[in-house]
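Me: I would like a close look at a single part of this model, and then at what surrounds it. Please keep the answer connected.

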Amino acid sequence: MKTITQYALLGLFALSVGACSSGNTPASGGWFGNDIIMVSESTGASSGVTQQKNGASVHLVPYSDGRKSANPHKIGISTQNIIGIIGSELLVEPEVSIIVTNSMRKHLDEAGFRLSATDAIYELSGVVRELSYNAKARDEIEIVIESTLKERATGKVVWSGVVSEKGDRFAGVMGNNKKDIANYLRNKVGMVAGKTTESIGTSLMVSRPDLFILTPGTRPIAGVNLLVAPTAASAGQ
């Protein structure tokens, strides 16, 4: 005669088999946990002081995904064990283009740009040329993002540049987990967004110093390959 404990164990086994057969497989998340790497930006200022805005207003157009990958959520593969992930593909949520757009929005806001969809002076758009993350003996990441700033009234390109970032890291003796990968990816995308924003700001101060609170001036930003930069306004303009 089977004991109550034996019946309970049989019931649990039946439930687990049913879950797997109904599509709740490790590859799709579900019963074994979600394989997706969640990447989100913090909202609001890090300090209690409100960021003073300059007069340069920007309409941020969502970046497009120009990578060869057919999956907008896929960033690479893993040959190592990663806590919380079953399988070899590295997938992120939201999709890559949104991660980049969110990072650009955050850095523009923190740099003092006014973000507006209606009466902005400039429009910023861009393409994610490369964004890959492969977890091997060392995690390897490569990011290439092209951005273009236009005057909304004329459509004239006033700034255009390509920012690249490559890096690698040792996950440590304890190995990788999803949170570690999300943080490292967010940090590297943030470096690209920060360099892009800084280069736009320092370049615009040459042509439109009246829009900025700081003293006009421009300086090269490491890692930024300028394609188009504004020229200084002539006297009387």
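Which residues of α2 are buried?

Reply: The model is predicted. In helix α2, the buried residues are Val-96, Ser-97, Ile-99, Val-100, Thr-101, Ser-103, Met-104, Lys-106, His-107 and Leu-108. The helix covers residues 96–110, and its 15 residues reach 21 Å from the first C-alpha to the last, close to the 21 Å expected at 1.5 Å a residue. Just after α2, Gly-112 has a positive phi of about 100°.

Leu-131 is, with Leu-124 and Leu-185, among the residues with the most contacts inside the largest nonpolar core, which has 42 residues. Helix α2 supplies at least two residues of this core, as do β2 (57–60), β6 (89–93), β8, β9 (139–151), β10 and α3. The most comes from α3, with ten residues. In soluble globular proteins, nonpolar side chains tend to be buried together.

Helix α3 runs over residues 178–207. At 1.5 Å a residue its 30 residues should span 44 Å, and the end C-alpha atoms are 44 Å apart, so the two values agree. Its N-terminal end is capped by Asn-177, with a side-chain oxygen 3.0 Å from the backbone nitrogen of Lys-179.

The structure holds one aromatic pair. Its members are Tyr-133 and Tyr-184, arranged edge-to-face with 6.0 Å centre to centre and 85° between the planes. Because Tyr-133 lies in strand β8 (residues 122–135) and Tyr-184 in helix α3, the pair ties together parts that are 51 residues apart in sequence. Tyr-133 is buried, with a relative accessible area of 0%; Tyr-184 also counts as buried, at 14%.

Arg-169, in strand β10 (residues 157–169), lies over the face of Tyr-184, at 5.2 Å from the ring centre. With a relative accessible area of 16%, Arg-169 falls under the 20% limit and is therefore buried. The side chain of Arg-169 makes a polar contact of 2.5 Å with that of Asn-176. Leaving out residues up to four places away in sequence, Arg-169 touches both tyrosines of the pair, Tyr-133 and Tyr-184, along with Arg-138, Asp-139, Asn-176, Asp-180 and Ile-181.

Notes:
Residues numbered from 1 in each chain as written. Predicted model: local features only at pLDDT ≥ 70, side-chain atom pairs only at ≥ 80, totals over all residues. Heavy atoms only, no water. Helix = DSSP H or I, 4+ residues; strand = E, 2+ residues; numbered from the N terminus. Buried < 20%, exposed > 50% of the residue type's maximum accessible area, 1.4 Å probe, protein only. Polar contact = N/O pair within 3.5 Å; in protein donor to acceptor, adjacent residues only side chain to side chain. Contact = heavy atoms within 4.5 Å. Expected span 1.5 Å × (residues − 1). Phe/Tyr/Trp six-rings, centres within 6.5 Å; stacked < 30°, edge-to-face > 60°. Lys NZ or Arg CZ within 6 Å of the ring centre and 35° of its normal. Core = buried A, V, L, I, M, F, W, Y, C linked by side-chain atoms within 4.5 Å.
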